Amino acid sequence: MAKAIIFNETSKALTLVDQLLAPHKFLNESEDLKSLADFMNCELGQLGLSEKIEQARKGVKSGDFDNALEELINVVMIDKNFSNEMPRRATIALFHWLGDNHEMTKKYRRRFDMALY
């Protein structure tokens with residue numbers, strides 16, 4: 001259920017993740033959900049990056065993962081360490097969310113890898 005509401009009811013999704021009875025079974029998924037919650041809730045103080053992150057948020061809320069991934073990767077290219085590497089962690093979580101065979105994952109994975117180096 002937490003996956004279904006993470007983009008619109010982030011706090012409730014985190015509460016559900018924290019209440020898992022067997023968290024070790026869902027370790028990867030819960031870490032991804034926490035990264036996505038950080039993305040949805042992070043403070044937008046740094047000029048220039050705020051607009052990109054807000055556009056990425058709008059993208060995931062509307063199902064436009066193409067725009068969301070584009071903007072997150074742009075932030076990674078500008079500042080890899082922004083907000084405790086939140087854009088990097090959120091991008092990885094979105095790739096996991098979509099799956100390895102999803103067209104958006106395939107389209108952006110290489111560009112993301114290049115942005116990291």
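These entries record what I looked up in a predicted model of a protein.

**Fold.** I began with the secondary structure and found seven helices and zero strands. Read along the sequence, the pattern is α-α-α-α-α-α-α.

**Overall dimensions.** I then checked the extent of the C-alpha trace, which spans about 40 × 35 × 25 Å along its principal axes. The radius of gyration is 14 Å; a compact globule of 117 residues would have a value near 13 Å, so the two agree.

**Surface and burial.** Buried residues account for 40% of the 117 residues.

**Contact range.** I considered contacts between residues at least 6 apart in sequence and noted that 53% of them join residues at least 24 apart.

**Nonpolar core.** I turned to the largest nonpolar core, which holds 34 residues; Phe7, Phe39, Val60 and Leu94 touch the most other members. The elements that each give two or more residues to this core are helices H1 (2–5), H2 (10–18), H3 (27–41), H4 (49–62), H5 (65–78), H6 (82–98) and H7 (103–116). In soluble globular proteins, nonpolar side chains tend to be buried together.

**Phe39.** I asked which residues Phe39 contacts, leaving aside its neighbours within four places in sequence. I found Ile53, Ala56, Arg57, Val60, Leu72, Met86 and Ala90. Of these contacts, Val60 is, like Phe39, among the core residues that touch the most other members.

**Aromatic rings.** I searched the whole structure for aromatic pairs and found three. Ring pairs link Phe7, Phe65 and Trp97 into a cluster.

Definitions and conventions: Residues numbered from 1 in each chain as written. Predicted model: local features only at pLDDT ≥ 70, side-chain atom pairs only at ≥ 80, totals over all residues. Heavy atoms only, no water. Core = buried A, V, L, I, M, F, W, Y, C linked by side-chain atoms within 4.5 Å. Buried < 20%, exposed > 50% of the residue type's maximum accessible area, 1.4 Å probe, protein only. Helix = DSSP H or I, 4+ residues; strand = E, 2+ residues; numbered from the N terminus. Contact = heavy atoms within 4.5 Å. Phe/Tyr/Trp six-rings, centres within 6.5 Å; stacked < 30°, edge-to-face > 60°. Rg over C-alpha atoms; globule rule 2.2 N^0.38 Å.
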